[in-house]
Amino acid sequence: MITIISLALVCLSLANNVYTEVSRHQIFATLGRNVSLPCRLSFSDGFSFDGIGKRVKWTKLEDPNDETNVLISMGFHKIIYGRFENHVDLLEADQNDASLIITNLQPDDFGTYKCEILSGMDDVVVEIDLRMGGVVFPYSPRLGRYNLNFHDAEAACWSQEAVVASFEQLHQAWIGGMDWCNAGWLNDGTVQYPITKPRQPCGGNVAAGVRSYGRRNKTNNHFDVFCWTPGYNGKVFFLDEKLTFLEAEQACEDGGAELAKVGHMFAAWKLQGYDRCDPGWLADGSVRYPISRPRMKCSPTEAAVRSIGFPEKKHKLYGAYCYRG
Ligand SMILES: *[C@@H]1O[C@H](CO)[C@@H](O)[C@H](O)[C@H]1NC(C)=O
Ligand SMILES: *[C@@H]1O[C@H](CO)[C@@H](O)[C@H](O)[C@H]1NC(C)=O
């Protein structure tokens, strides 16, 4: 699953002594998948470069002062550097295309890439911010906080159409602003939690960061879990009625759907901006609602999937969030 977000930022940089427009994109992609970073000449007069004068340079910007060479192509010569060998190539979909393909994405592939096409006439510079896609969400079951050993944690994420998150995924979520005060299992057997707003009750007023309890005993120790889902092609929708849990389940089925899993809800909220200020049943018996635009009475201070816990299933107070694949 790959989404191109914005072309909004355009600025000028000095390259080859002429001012060249730098366009910036953000791309979200999933670990283990292949991704194409778009870069191409787009001459309105139909000019295209042939093999001869073509010079393409891809670099990765490790930090502002450190550019690592990824690939350079000149005429018919192509050099791929270091760890990128057998890992990247040019797409070359047509004469004007210099897009970079990265296969089997690894954690250290994420970051900012720069593409330069030097044609001697109109140079092109594109910067692409490659970010890890998908959604990380904390999960605790009906039993309450800190009830899952590692194996229960794996099953819990699985039941929500997700998997236990990796440290890289939780770290990316923290960079994206995630703040959660309960510790959860990660897939390496460590237990950690992300804090962006340090405060006394959540491990004290020390620096923001992903805080770790280290590796824990997978059988004997009990925590919550961080699950990860890549997102879905289906649709989450709300039934605006007052229903018991069983009625909610039936109502979704009647509509050719199923009660949404927690993973469906987080994906709809994070990846599609789903926003609805009405609590509704989900498949695990929890009642939640997704807020993308914080406002009075519906999560006033932050965008979040709000939970009101696991009410009694016979309560006829809530609507239903259904998922149709
Ligand atoms: C990625 O590309 C490689 C080489 O073209 C291919 O063998 C592999 O199946 C692709 N992987 C995915 C997840 O599409
Ligand atoms: C976890 O705890 C159990 C019971 O105390 C013990 O038998 C097992 O060796 C421990 N596992 C690890 C990896 O320490």
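Predicted model: local features only at pLDDT ≥ 70, side-chain atom pairs only at ≥ 80, totals over all residues.
Local features were considered at pLDDT of at least 70 and side-chain atom pairs only at pLDDT 80 or more, whereas totals for chains, interfaces and linings use all residues. Residues are numbered from 1 along each chain as its sequence is written, chains are lettered from A and ligands numbered from 1 in the order in which they are written, and side-chain values use heavy atoms, with hydrogens and water left out.

The largest nonpolar core comprises 46 residues, of which Val136, Val225, Phe226 and Tyr321 touch the most other members; such a core is a set of buried Ala, Val, Leu, Ile, Met, Phe, Trp, Tyr and Cys residues joined through side-chain atoms within 4.5 Å, buried meaning under 20% relative accessible area with a 1.4 Å probe and protein chains only. Helix H4 (residues 262-272) supplies the largest share of this core, 6 residues, helices being DSSP runs (H or I) of at least four residues and strands (E) of at least two, numbered from the N terminus. At least three residues of the core come from each of domain 2 (135-229) and domain 3 (235-324), with bounds taken from an automatic or database domain assignment. A second, separate core of 26 residues includes Ala98, Leu100, Leu105 and Leu130.

Across the whole structure, 11 aromatic pairs were found, a pair being rings of Phe, Tyr or Trp (its six-membered ring) with centres within 6.5 Å, counted as stacked for planes under 30 degrees apart, edge-to-face over 60 and tilted for the rest. Phenylalanine 150 and tryptophan 185 form an edge-to-face pair, at 5.5 Å centre to centre and 75° between the planes. Because phenylalanine 150 lies in helix H1 (residues 150-159) and tryptophan 185 in strand E14, this pair ties together parts 35 residues apart in sequence. Phenylalanine 150 is buried, with a relative accessible area of 5%, as is tryptophan 185, at 0%. The rings of tyrosine 274 and tyrosine 321 are likewise edge-to-face, with centres 6.1 Å apart and planes at 85°; tyrosine 274 is in the loop between H4 and strand E20 (280-281) and tyrosine 321 in strand E23 (residues 318-324), 47 residues apart.

Aspartate 179, in the loop between helix H2 (167-175) and strand E14 (184-185), is buried, with a relative accessible area of 15%. The side chain of aspartate 179 reaches the backbone nitrogen of threonine 196 at 2.8 Å.

Key:
Buried < 20%, exposed > 50% of the residue type's maximum accessible area, 1.4 Å probe, protein only. Polar contact = N/O pair within 3.5 Å; in protein donor to acceptor, adjacent residues only side chain to side chain.
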